[in-house]
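Please read it with the structure at hand.

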Amino acid sequence: MLEMFSLEGKNVIVTGANTGLGQGMCVAFAEAGANVCGVARRSCEETKKLVEEKGGRFIEVMADLSSTEPVKRIIDTCINEFGSADVLVNNAGMIKREDALNVTEEDWNMVLNVNLNVVFFLSQEFAKRAIESNRKAKIINICSMLSYQGGIRVPAYTASKSAVNGITKALCNEWAAKGINVNAIAPGYMETNNTKEIKADSQRSEAIIDRIPQGRWGKPSDLMGAAIFLASSASDYVNGFTLAVDGGWLAR
Ligand code: NAP
């Protein structure tokens, strides 16, 4: 039974692999038997060590994901080094906090480029290569509570994460019959660099905890089970779905 959760022999690309949720998922994938191709704009030395401790191979692709320039190189590197690219996790993302009245066009475009445009084109290249080589493959997008809610002072982030929820369904509709599962995870409030600012604001942090039925912030390790499920054959008939890992936040 547990074999269906195994990632033995699978090669997984994770963007934003150097820290936070991306790093946590890399370790989980290695523990489930996969090799990991980590994409980041700075060194993934720590992630590499953690993955190797779990017995996985780790290769690093240095790439700035604010443009589509590195898209082909990322997929090529994984296939050339490991022989295939079986799972793509579109995890890299950024947030800019600013009153909507003051958001600049430059910041708006930057957030949309990283959180949406590159997610789409990396998925497109990944899917083309999987279809060409007649391999089954899985895409996991990282959504947010702001794929469902409006948020405050983060309009570009909300726009991008709502759109990622949309393309998760759109790409499923086109690619499911071609052997590709496109799903997403919507993390709740997790302790990472992304949330440092609001976690440090004790009033805000307490208000957040009060609203979470489980009564605590999430940790990168809380995402591991969902990530392994959606990457493995245990989820072969799950497609176009966004799984919330939020301690119950969306239930309120
Ligand atoms: P994080 O620690 O800030 O990680 C974000 C990752 O994305 C980092 O590796 C970051 O690289 C990378 N990244 C950002 N811009 C990039 C660029 N231009 N090129 C390459 N890499 C870039 O935050 P996290 O919480 O783990 O975030 C991971 C994902 O989860 C994001 O998509 C985020 O929106 C989503 N998420 C997080 C939460 C939460 O509560 N933490 C909730 C919902 C969704 P650097 O380290 O170089 O900046």
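The points below treat the basis of the model, then the cysteines, then the salt bridges.

1. Basis. This is a predicted model, in which local features need pLDDT of at least 70 and side-chain atom pairs count only at pLDDT 80 or more, while totals for chains, interfaces and linings use all residues. Residues are numbered from 1 along each chain as its sequence is written, and side-chain values use heavy atoms, with hydrogens and water left out.

2. The structure holds zero disulfides, a disulfide being a pair of cysteine sulfur atoms within 2.5 Å. Cys78 is in no disulfide, and the nearest cysteine sulfur to it, that of Cys37, is 4.5 Å away. Cys172 is likewise in no disulfide; its nearest cysteine sulfur belongs to Cys143, at 13 Å.

3. Exposure of these cysteines. The terms used here are buried (under 20% relative accessible area), exposed (over 50%) and partly exposed (in between), with a 1.4 Å probe and protein chains only. Cys78 is buried, at a relative accessible area of 0%. Cys172 also counts as buried, at 10%.

4. Salt bridges overall. A salt bridge is taken as a side-chain nitrogen of Lys or Arg within 4 Å of a carboxyl oxygen of Asp or Glu. By this rule the count comes to 12 salt bridges.

5. The pair in helix H2. Lys49 and Glu53 form a salt bridge, with 3.3 Å from N to O. Both residues lie in helix H2 (residues 45-53), four residues apart, about one turn of the helix; helices (H or I, at least four residues) are DSSP runs numbered from the N terminus. Lys49 is exposed at 53% relative accessibility, and Glu53 is exposed at 55%.

6. The pair in helix H3. Lys72 and Asp76 meet in a salt bridge of 3.4 Å, N to O. Because they are four residues apart in helix H3 (residues 71-82), about one helical turn separates them. Lys72 is partly exposed, with a relative accessible area of 47%.

7. The pair in helix H4. Glu125 and Arg129 form a salt bridge, their closest N and O atoms being 3.2 Å apart. These two residues are four apart in helix H4 (residues 105-132), so about one helical turn lies between them. Glu125 is buried at 13% relative accessible area, and Arg129 is buried at 19%.

8. A network. Which residues are linked in a network of salt bridges? They are Lys72 and Asp76 of point 6 together with Glu125 and Arg129 of point 7.
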